[in-house]
Amino acid sequence: MGVLMVLRVALKALARNKMRTALTMLGMIIGVAAVITMVALGTGAQSSIETQIQAAGTNMIMVSAGNFMSGGVRSGQGNASTLTPEDAMAIQEVQGVQYLAPGVSTRGQVVAGNLNWGTQIQGTDVDLPLIRSWPATAGAFFGPADVASAAKVAVLGSVVHEQLFGADVDPVGQIIRINNQPFTVTGVMSSKGQSGMGQDQDDVVYVPYTTVMKKLRGITYVQNITVSAASAGDTAATADRIATLLRTRHQILDASEDDFMVRTMEEMASVRVQATETMTALLASIAGVSLLVGGIGIMNIMLVSVTERTREIGLRLAIGARGRDVLLQFLVEAIVLSLVGGSIGIALGLGLSEGVTLWMSWPTKVSPQAVAVAFVFAAITGVFFGFYPARKAAALDPIDALRFE
Amino acid sequence: MAQAAAAQAGLEAAVVAASSKAGDTVADRTDNVISTRNLVRTYEVGEHLVKALRGVNLDVARGEFLSVTGPSGSGKSTFMHIVGCLAKPTSGQYFLDGEDVSQMSKNELAAVRNTKIGFVFQGFNLLSRTSALDNVELPLLYGGSTLKTADRHRRAKDMLAAVGLADRASHHPNQLSGGQQQRVAIARALVNEPSIILADEPTGNLDTRTSIEVMGLFQRLNMERGITVVLITHEHDIAEYGTRIVAFRDGLVVTDRPVTRRRAAADELAALPVEAEAV
Ligand SMILES: Nc1ncnc2c1ncn2[C@@H]1O[C@H](COP(=O)(O)OP(=O)(O)OP(=O)(O)O)[C@@H](O)[C@H]1O
Ligand SMILES: [Mg+2]
């Protein structure tokens, strides 16, 4: 029997049992597509976080007041009054520190004309755009003079800009009111999306930190200080030096707990990376289960049809097929089934991944390993359960195979 | 006249075969297409040992038309399956064209089944959800046949026409009556032009007229082409279409006699009143 003939006989046999063929393929399609999509979701989330961390800058150090890690009285992070503008000035002198910006924030109602918008009012320093590599698209960030004089100037995040003025209107020079005080808009930040910490970085108004302290909140401390190290490789050491300095300045003895926290961006992000890794593992195991279920489906359908197929083998043997003719037919059947089912599964998986990104704007990233593993597993299941019973049947005397039940 | 002569020759061969006994020389056996010696077949059913064949000695000469009769369960089908190389005897020997079948490899047996033997099963054994034409064509796919697709189709079609089913070529077995399925099975057995036809109750599901037609087909193949036919039937009048009748009982051949007044299907068919054919 030639290869072409075997292929023809196999295709005819598949066409003869359309229901069985379809159900077997369905098992493969669902299993393969599920694995690809789930893993793509997990990998996508992971890689988008990694990209965000890269964008945020791996040389960033966050110094925050209070210590939520400490036992006993818990002063919430940033609510403690232990960090001062003087601390910031001292940190500026630490070896390895390039830029820094004290931060203090409040929520506020922002009004422009007859539109208003509740948002985060973030007090910061002139170097923030440098630390975050984040330029203004219109106008400019405020300058040192504004900080020194606690000027009522504001830089809008793109979301706030849209809400108060509309995306097409240039708001530079306009007056907005924050908690009933007039501020002059000096610039608009470019859109940046979610931060590595999961906040919308565009729904914010930046003002000098001195302004928040004196005009909006009436406090003398800052909540945090954002620092960038001169070189990424030196970040951890710089963070240590800052901690040592603050301990001296705050007169903290070796044994007692810090009243501040110094963390690098990488440390903070690693928590989230770990979380997504867990999620990916979870998704992958769910997908693995569906692959297994698909495999069991394939197995069931193959085993259920064993009687009919054994008779078919008996008949073919009886009219003169050799054992290998029949085996080849069944092998080709199983391979065709696996290839077609697996390929449809891959196509569906890729489509679903794309669709999830498109319609739900969840990041996905198709993992070639997942595609390979899913496909190979489905193919092996299909070929094994298609071929193994056939092998047993072909070893029988034709009449025994014909009478099999 | 020629037909009568052939029948006469078959008759003589049958008489010779009937007189042969166990322990014949190999030279004697080679004259026979089928030759069995002490054929035993037992089945284990749980604790029981069913003896389907208890030592069958039978010789069938080339060109003979042998009718096998016997009560249900007497071992006729079991014997046929061994003769058709579909099953193996528990003990004893079986020579096909003088060759010891037990010495043949699986592939050789497959080739024998494909080219030498046309088997009509008691239960048709057609491939379900497959057209009559494809069913008939099946033997042509195997055995290294070099026929072109078109030639295969043509031969299968011709064979279906020969059994009166030309217009049912595209029908599936479940769309055919029992008798029609029977005839598809016969067409499949004949399509590879075997030198031996083994038919297990081929007229079991057929009305009188169709039975005679099928027997006519077998007789024609037997007399015109010298094809050896072994036919199982429990109807005595059907057995009379053969040249020789053997009867099985309890796994043994109990009677073996030549047919003295052989029926001729062609003549009977001509004598039958013409009726609207209900195919
Ligand atoms: N596969 C099998 N397993 C067990 N016993 C079997 C098997 N095949 C046949 N037998 C037994 O062997 C005996 C002979 O069976 P066989 O089919 O040869 O009878 P038969 O003469 O063809 O009968 P019928 O006229 O009813 O077709 C019976 O007793 C039957 O029960
Ligand atoms: Mg029988």
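Reader: Is Arg263(B) buried, partly exposed or exposed?
Author: Arg263(B) counts as partly exposed, because its relative accessible area is 23%. This is a predicted model.

Reader: And what does Arg263(B) form a salt bridge with?
Author: Its partner is Glu268(B). The closest N and O atoms are 2.8 Å apart.

Reader: How accessible is Glu268(B)?
Author: Glu268(B) has a relative accessible area of 21%. That makes Glu268(B) partly exposed.

Reader: Next one. Which side chain meets Asp59(B) in a salt bridge?
Author: That of Arg37(B), with N to O at 3.0 Å.

Reader: Where do Asp59(B) and Arg37(B) lie?
Author: Asp59(B) is in strand β2 (residues 48–61) of chain B, and Arg37(B) is in strand β1 (residues 32–45) of chain B.

Reader: Buried or exposed, for Asp59(B)?
Author: Buried, at 3% relative accessibility. Arg37(B) is buried as well, at 6%.

Reader: What about Arg154(B) and Asp151(B), how far is N to O there?
Author: 3.7 Å, in a salt bridge between the two side chains. Both residues sit in helix α6 (residues 149–162) of chain B. They are three residues apart, about one turn of the helix.

Reader: How accessible are they, starting with Arg154(B)?
Author: Arg154(B) is partly exposed, at 45% relative accessibility. Asp151(B) is partly exposed too, at 28%.

Reader: How many salt bridges over all chains?
Author: The count comes to 24.

Reader: Change of topic. What coordinates the magnesium ion, ligand 2?
Author: Ser77(B) through OG and Gln122(B) through OE1. The distances are 1.9 to 2.4 Å.

Reader: Where in chain B are those two?
Author: Ser77(B) is in helix α3 (residues 76–83). Gln122(B) is in the loop between β6 (117–120) and α5 (132–141). They are 45 residues apart, and the pair links distant parts of the chain.

Reader: Is Ser77(B) buried or exposed?
Author: Ser77(B) counts as buried, at 16% relative accessibility. Gln122(B) is partly exposed, with a relative accessible area of 41%.

Reader: On to the interface. What area is buried between chain A and chain B?
Author: About 2400 Å². Carbon and sulfur atoms give 54% of that.

Reader: Which residues in chain A lose the most area to chain B?
Author: Arg16(A), Leu315(A) and Ile319(A). Together they make up 26% of what that side buries.

Reader: How many residues does the contact take from each chain?
Author: 28 from chain A and 25 from chain B.

Reader: And how many salt bridges between chain A and chain B?
Author: Three. Lys88(B) and Asp397(A) meet in a salt bridge through their side chains, at 3.3 Å, N to O.

Reader: How many residue pairs in polar contact between the two chains?
Author: Twelve, with both residues at pLDDT 80 or more.

Reader: Which helices of chain A each supply at least two residues to the side that touches chain B?
Author: α1 (3–16), α10 (306–318), α11 (323–360) and α13 (398–402). The largest share comes from α10(A), with six residues.

Reader: What is that side made of, by class?
Author: It has 14 nonpolar, four polar and ten charged residues.

Reader: Last one. Which residues are linked with Arg16(A) in a network of salt bridges?
Author: Arg309(A), Glu312(A), Arg316(A) and Glu333(A).

Notes. Residues numbered from 1 in each chain as written. Chains lettered and ligands numbered in written order. Predicted model: local features only at pLDDT ≥ 70, side-chain atom pairs only at ≥ 80, totals over all residues. Heavy atoms only, no water. Donors = N, O, S within 2.8 Å, 3.2 Å for Na, K, Ca; no water. Helix = DSSP H or I, 4+ residues; strand = E, 2+ residues; numbered from the N terminus. Buried < 20%, exposed > 50% of the residue type's maximum accessible area, 1.4 Å probe, protein only. Contact = heavy atoms within 4.5 Å. Buried area = accessible area lost by both parts, 1.4 Å probe. Salt bridge = Lys/Arg side-chain N within 4 Å of Asp/Glu carboxyl O. Polar contact = N/O pair within 3.5 Å; in protein donor to acceptor, adjacent residues only side chain to side chain. Nonpolar A, V, L, I, M, F, W, Y, C, P; charged D, E, K, R; others polar.
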